[in-house]
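Colleague: I am new to this one. Could you take me through it in short steps?

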Amino acid sequence: MTDEPTEPSDSDQEPAMRDDTTPDGPKENIVHFNPWRDFNDAAPQIDVFGDEPDPDEIARFMQVVFGYCDGLIPVRSFIDKGQGIDGRPHNIWVEANEAVAEKMATFATWAWREGAAVYVIPGTVAAPGQAKAAEILQMQSVVVDIDSGDIAAKRAHLERHLGPPTMVVESGGITPEGQQKAHVWWQLTEPAEGDDLRRLCRLRGDIAAKIGGDMHFRSAHQPIRVAGSVYYKNNLKTLVRIVEFNEGRERDLAEFIEAVTDMPPAPGIDLSPDFSTPDKPAVADVLVTPVREGAQDDWSRFEGASAAIGHFIRMVHEGRMSRDEGWEGICGYNAAMLRPQWSIERLKRESERLWERHVGKYGPPLIRLDAGAPGPMEMPAFTLGALLDDESPMPEDIIAPRVLTPGGLLVLGGAPKVGKSDLLISWLVHMAAGQPFLGFTPPRPLRIFYLQAEIQYHYLRERLKQIALPPEVLAAARDSFVATPKLKMLLDNDSSVRVARAVQTAFPAAPVDIICIDPIRNLFDGGPDGGGENDNTAMMFFLKDRVEILREAVNPDAGVILAHHTRKATKHQVKDDPFLALSGASALRGFYTSGLLMHRPDEDSSVRRLEIELRNGPALPGKLIDKVKGEWVELNPMNERLVRKEVGARLDAERLRKHDVILGMLLDEAAGERLYTAMQFAETFENRGGLGSKHTIRERLSVLATKGFVKFLRDPSGFGFPVTRSRFGYLCVEGMQFGAPVDHVDPATGEVTTEARPVLPSHFKCPQSGLCLQVENPAVWVYPEGLEDDLTHMSEA
């Protein structure tokens with residue numbers, strides 16, 4: 001079946017790194033592993049068996065598998081079956097550098113406390129979220145997973161024909177004959193890339209075929225257990241340990257391929273053409289063959305269920321079955337053939353996931369005519385005339401004007417530490433009091449449930465006391481604003497039930513008006529595939545199957561506010577389309593009804609700008625906001641300052657100081673026989689002279705050029721500099737001289753004269769169009785009209 005995902009080695013329960021779960025797009029912050037932030041808060045558990053992760057084993061394993069690689073290592077953990085506990089898979093991407101062993105040891109310790117196995121894809125990728133076979137960039141080792149038959153005899157056969165391996169790992173699994181399953185590793189002399197990487201994967205398949213190993217390792221994205229981590233399955237807990245380690249034993253890929261080609265199959269192995277065809281069972285066999293857990297049969301429960309579900313999905317899609325008949329078939333297979341059965345919830349999740357993939361690949365399904373058309377209660381539809389004739393009043397806005405409408409979803413985005421949560425709390429408290437805030441108006445005091453996962457209880461109450469709110473607002477919102485302390489959970493199915501009960505308990509007399517989730521990232525549940533917030537499928541699952549379901553449970557007309565982070569974006573990108581800066585999948589922007597984005601237009605100013613995007617109403621202009629004495633206020637968008645005049649004057653003075661410093665530096669550098677383009681000057685003098693970052697310097701240079709303080713020399717060959725491809729040229733200021741004055745002696749009279757070498761501009765930046773224009777007289781420096789008055793005003797301020 002084409003929809004079958006890849007499984008992790010020696011597991012028939014969950015796919016460890018599926019080939020179809022890669023999120024699209026970078027994260028605001030790359031998913032660099034921070035062990036103390038992400039995985040050091042697990043509560044210690046009683047260790048019944050005495051096994052725990054071994055950092056030394058992990059270090060040896062990482063050196064053999066990743067010691068020469070560059071890039072990010074895809075890592076996954078999930079709860080091994082048979083422990084009586086459940087949990088969501090965790091995906092992280094760890095950079096392959098000198099600290100990787102320590103980070104993996106920390107992650108393995110966290111997984112051990114959670115009862116979770118640890119897997120890696122034995123290759124590196126370029127960006128977080130990547131895990132597809134096509135996205136693997138480097139591999140530096142060859143591995144074969146021997147998980148059946150006479151393990152010892154197969155290992156001896158490999159060593160006899162291929163020589164001693166670099167490392168042998170006992171994975172923790174035990175064959176029915178009582179032998180330890182093993183992973184045999186050969187380290188290469190250098191990482192394989194491109195065509196060599198494809199040759200390496202074919203080589204892994206050839207070795208597995210000749211030895212009777214796991215054929216899944218023909219795929220580059222097949223994950224494997226980490227040596228030094230802990231194996232949990234079927235009430236067995238043991239260390240995944242290295243039983244043979246030949247340090248420094250490396251093989252050349254080309255020579256190793258020749259050795260494998262010459263190696264005969266192990267005794268009892270029949271190399272028929274079946275090894276070159278996909279090892280998926282026929283659907284007719286799947287539907288009538290029972291399959292037990294633990295990979296005791298020809299295929300696992302996961303393979304069998306996926307194949308059966310895919311069969312019924314195709315039948316429904318092609319119109320040969322109704323949806324009800326297809327679902328009955330899936331449930332019938334589950335009841336008759338899976339030993340033990342999957343839960344109905346898991347069966348439904350997998351069916352919905354494969355249905356969405358199938359429709360995305362093959363288009364909309366055919367509809368059976370005998371299934372009947374949907375009734376008016378199932379699919380509301382209205383004629384144009386009915387819509388035009390409906391004069392009933394519009395629903396009342398939850399937050400006017402049309403910022404949050406009944407059943408609407410508002411996303412508030414902002415970079416970390418920009419003040420997003422502070423603004424959000426002030427806003428929600430005003431809404432709970434029924435008071436306007438920054439021009440946003442509630443129709444009455446609103447019942448608000450603030451589900452937040454960032455601020456712990458004591459710091460939450462401290463922040464609420466520090467925010468300057470009018471006494472009448474605080475008094476009116478005392479009972480209608482309900483907040484949670486920092487929650488350590490994901491908004492999965494069980495947690496959604498808990499949240500719904502908490503909301504109903506908080507407001508027993510009347511339904512909640514607003515549910516606020518702050519932030520998305522800390523509560524995000526991407527569904528059964530474990531996708532991250534960069535995955536459109538995972539984001540849609542979170543919005544539809546988590547947020548929407550929660551809203552339906554407590555009040556279908558409630559408004560939802562989601563606080564979200566933004567990715568790094570240039571000021572020009574934010575100016576052109578600010579909402580492209582929202583972190584994560586693009587599906588989020590297509591789903592919400594209102595968007596607010598908070599950012600700093602000027603890094604040196606405390607003023608924030610609030611961009612507004614509405615789907616259910618006319619466009620609203622952006623707002624300039626700032627905090628005055630602890631309270632958020634709206635500023636006049638024109639040049640006139642309504643508040644913080646003293647701060648504004650200081651910022652003006654700082655810009656004037658930078659103006660003087662830049663002009664002085666250019667004069668000094670020219671005297672030292674050094675000329676610069678704008679980019680080179682900004683990069684050279686970044687964080688020097690209090691000028692700030694290179695971006696800040698570039699912005700000041702652009703302003704100075706517009707105002708005529710900086711002009712440009714296109715051809716500096718007279719001073720020994722090459723002609724640049726820069727749009728303008730080399731920077732030039734009034735009175736600039738190149739090097740020290742030169743003495744000239746008159747050969748006739750012996751008179752000595754001193755001659756300076758002025759640097760005169762050839763071009764300037766037009767203050768109206770921004771174009772690069774030629775100066776009329778290089779010897780006469782011309783400033784735009786009114787500039788001296790502006791400078792005098794700034795200096796007086």
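Modeller: One definition to begin with. A residue is buried when its relative accessible area is under 20%, exposed when it is over 50%, and partly exposed in between. Note too that this is a predicted model.

Colleague: Is Lys 181 buried or exposed?
Modeller: Lys 181 sits in strand E6, residues 180-192. Its relative accessible area is 17%. The cut-off for burial is under 20%. Lys 181 is therefore buried.

Colleague: Which residues does Lys 181 touch, leaving out those up to four places away in sequence?
Modeller: Lys 181 belongs to strand E6. With residues up to four places away set aside, its partners are Ile 146, Asp 147, Ile 151, Val 169, Glu 170, Ser 171, Gly 173, Ile 174 and Thr 175.

Colleague: Now the whole chain. How many helices and strands does it have?
Modeller: The protein chain has 797 residues, and 47% of them count as buried. Its secondary structure comes to 23 helices and 28 strands.

Colleague: What share of the contacts with a separation of 6 or more joins residues 24 or more positions apart?
Modeller: A contact here means heavy atoms within 4.5 Å. Take the contacts in the protein chain with a separation of 6 or more. Residues 24 or more positions apart account for 70%.

Colleague: Which element has the lowest mean pLDDT?
Modeller: The protein chain averages a pLDDT of 80, and 81% of the residues score at least 70. Among the elements, strand E16 (residues 481-483) has the highest mean, 95. The lowest mean is 41, in residues 35-38, and that element is helix H1.

Colleague: How many contacts beyond four places in sequence does the model have for residues 272-280?
Modeller: Where pLDDT is low, the predicted coordinates should not be read in detail. Residues 1-7 stay under 50 and have 36 contacts beyond four places in sequence. Residues 272-280 also stay under 50. For residues 272-280 the number is ten.

Colleague: Which residues of H3 meet H2?
Modeller: The crossing of H2 and H3 is right-handed. From H2 come Pro 55, Ile 58, Ala 59 and Met 62. They meet Val 100, Ala 101, Met 104, Ala 105 and Ala 108 in H3.

Colleague: What is the handedness of the crossing of H15 and H17?
Modeller: The axes of helix H15 (residues 493-506) and helix H17 (residues 536-554) come within 10 Å. They cross at roughly 35°. The crossing of H15 and H17 is right-handed.

Colleague: What is omega for the cis bond between Asp 518 and Pro 519?
Modeller: Pro 519 is in the loop between strand E17 and helix H16. Another cis peptide bond joins Ala 400 and Pro 401, with omega about 0°. For the bond from Asp 518 to Pro 519, omega is near -10°.

Colleague: What is phi of Leu 438?
Modeller: Leu 438 lies in the loop between helix H12 and strand E15. Leu 438 is buried, at 10% relative accessible area. Its phi is positive although Leu 438 is a residue other than glycine, and the value is near 55°.

Note on methods: Residues numbered from 1 in each chain as written. Predicted model: local features only at pLDDT ≥ 70, side-chain atom pairs only at ≥ 80, totals over all residues. Heavy atoms only, no water. Helix = DSSP H or I, 4+ residues; strand = E, 2+ residues; numbered from the N terminus. Buried < 20%, exposed > 50% of the residue type's maximum accessible area, 1.4 Å probe, protein only. pLDDT = per-residue confidence, 0-100. Left-handed = near helix turned anticlockwise from the far one by under 90°. Axes fitted to C-alpha atoms, helices over the stretch in contact; angles between N-to-C directions.
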